[in-house]
Amino acid sequence: MNTNHSEVVFDLAEDGAPNILLVGIGGCGCGCSAVEVMAQTAILDKVKQAAVNTDQRELNLTQAPVQVSIGEVLTRGLGAGSMPHVGEQSARESTEALQNMIAGFDLVITVSGGGGGTGTGATPVLLEICEQQNIPTLAFVVRPFAFEGRRRIILADTLIERCRQSAGATFVLENAKLQQALGDNVKLNDALDAANHYINELITGLLALIDSEAVARIDFAHFLSALAGRGMGHGAVIEADSYDGILEKLTDFPLLQGPPHIRRMQDNTHVILHIWAPDSFTLSDYAGISEELHERLSDNLDLSSGFSVWGKPSFKVVLFVNRLSG
Ligand SMILES: Nc1nc2c(ncn2[C@@H]2O[C@H](COP(=O)(O)OP(=O)(O)OP(=O)(O)O)[C@@H](O)[C@H]2O)c(=O)[nH]1
Ligand SMILES: [Mg+2]
């Protein structure tokens, strides 16, 4: 097991509840329901939201209570014109505002779309600033639809690489995968809505793991250590009508399986999941999920899980696989 990151000591707020900042950067980050729809979720009181952009018009549209306009001298509030170096310089121009925005938080989660100028250029700068202030980070990067062209995809991949150098873990969300799932005839707006809904589910699921209302949860220090180590993460939302259905979908989950040489890397993989279940869900059902995953995947699997009871008869699992390099 990789324990490089377990020595980090984190300061928590006095009452023990972590202060989390969810920052959307650029048009995608700000427009994404990850930042917008979070306002309607119960987890909101634990998470502050901020929007960062070079584009004043986009910034005016967001509901985020904290809005930081970056690079006003360089861009005059008109956006970075798909040029990452402009996004980067804008963030550098506004270093002080970004430092003030993140001061005092125990975790900063960034959401940005790769491929444009602001998200691609400014996100790595913000992550660096967090690193300098010793604030743990998670980066969610949206990878463009295939129809947006190679250039955007290459830029997004550069962003992913740069996030991996500074963020505790980097999670990639593929717009293209959603397009496959929805079919080619899906309307662009519907595809974006679906992508945004998915991002929101993932982030809400992640935060539910440390939600004090959950029946079972993991503590914040544990949460951070499972999501540190500069890993490359993937997340998924899995739903089923029955307990057996959820077990089956979980153990068939492609990112957990893989060919034997990947299975051997499980020692370097943290899996965290949060389960929503009807109130008939028992502790032994809960234990059963963990046992099944260990049995089918690896004894050494580093698994953290939590569960919440909800008023529906069905089951939902939000799952993160954080694969550490090396
Ligand atoms: N899922 C989702 N993806 C989006 C959304 N808006 C943009 N994207 C994706 O994010 C990528 C980057 O676009 P933007 O975020 O608009 O770019 P930006 O960071 O604002 O950069 P500039 O406008 O050039 O300053 C796009 O290529 C899309 O793939 C959205 O609302 N939802
Ligand atoms: Mg923009």
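Guide: Let's start at Ala240, which lies in strand β7 (residues 231–240). Strands are DSSP runs of E with at least two residues, helices are runs of H or I with at least four, and both are numbered from the N terminus. This is a predicted model, so local features need pLDDT of at least 70 and side-chain atom pairs count only at pLDDT 80 or more, while totals for chains, interfaces and linings use all residues. Residues are numbered from 1 along each chain as its sequence is written, with chains lettered from A and ligands numbered from 1 in the order in which they are written.

Visitor: Why is Ala240 called partly exposed?

Guide: A residue is buried with 20 or more other C-beta atoms within 10 Å of its own, exposed with 12 or fewer, and partly exposed in between, C-beta atoms being placed from the backbone. Ala240 has 16 other C-beta atoms within 10 Å, so it counts as partly exposed.

Visitor: Which residues is Ala240 in contact with, leaving aside neighbours within four places in sequence?

Guide: Gly245, Ile246, Lys249, Ser314 and Phe315. Contact means that the two C-beta atoms, placed from the backbone, lie within 7 Å. Pro313 is 73 residues from Ala240 in sequence, with 9.7 Å between the C-alpha atoms.

Visitor: What makes strand β1 largely enclosed by the rest of the structure?

Guide: Five of the six residues of β1 (residues 20–25) are buried, so the strand is largely enclosed.

Visitor: How do you know which strands β1 pairs with in the parallel sense?

Guide: Strands pair if DSSP finds at least two bridges between them. β1 has six parallel bridges with β2 (residues 47–53) and six with β4 (residues 107–113). Ile25 stands opposite Val52 in β2, while Ile20 has Leu107 as its bridge partner in β4.

Visitor: What about β5 and β6: how many bridges join them?

Guide: Six, again in the parallel sense, between β5 (residues 137–143) and β6. Val172 in β6 is the bridge partner of Val141. Strand β6 (residues 169–174) is mostly covered, with five of its six residues buried.

Visitor: Which residues of the largest nonpolar core touch the most other members?

Guide: Leu126, Phe140 and Val141, out of 76 residues. Helix α10 gives the largest share of this core, eight residues, and the core draws at least three residues from each of domain 1 (19–208) and domain 2 (232–323). Those bounds come from an automatic or database domain assignment. A nonpolar core is a set of buried Ala, Val, Leu, Ile, Met, Phe, Trp, Tyr and Cys residues joined through C-beta atoms within 7 Å.

Visitor: Which residues are closest to ligand 1?

Guide: Gly26, Gly27, Cys28, Gly113 and Gly116, among 27 residues around it. A residue counts as near when its C-beta atom, placed from the backbone, lies within 6 Å of the molecule. The largest share of the shell, four residues, comes from α1.

Visitor: Why does Arg76 count as exposed?

Guide: Arg76 has 10 C-beta neighbours inside 10 Å, so it falls in the exposed class. Arg76 lies in the loop between α4 (72–75) and α5 (84–93) and has a positive phi of about 55° although it is not a glycine. Most residues other than glycine have a negative phi.

Visitor: And Ser82: what is its phi?

Guide: About 65°, again positive in a residue that is not a glycine. Ser82 sits in the loop between α4 and α5 too, and with 15 other C-beta atoms within 10 Å it is partly exposed.
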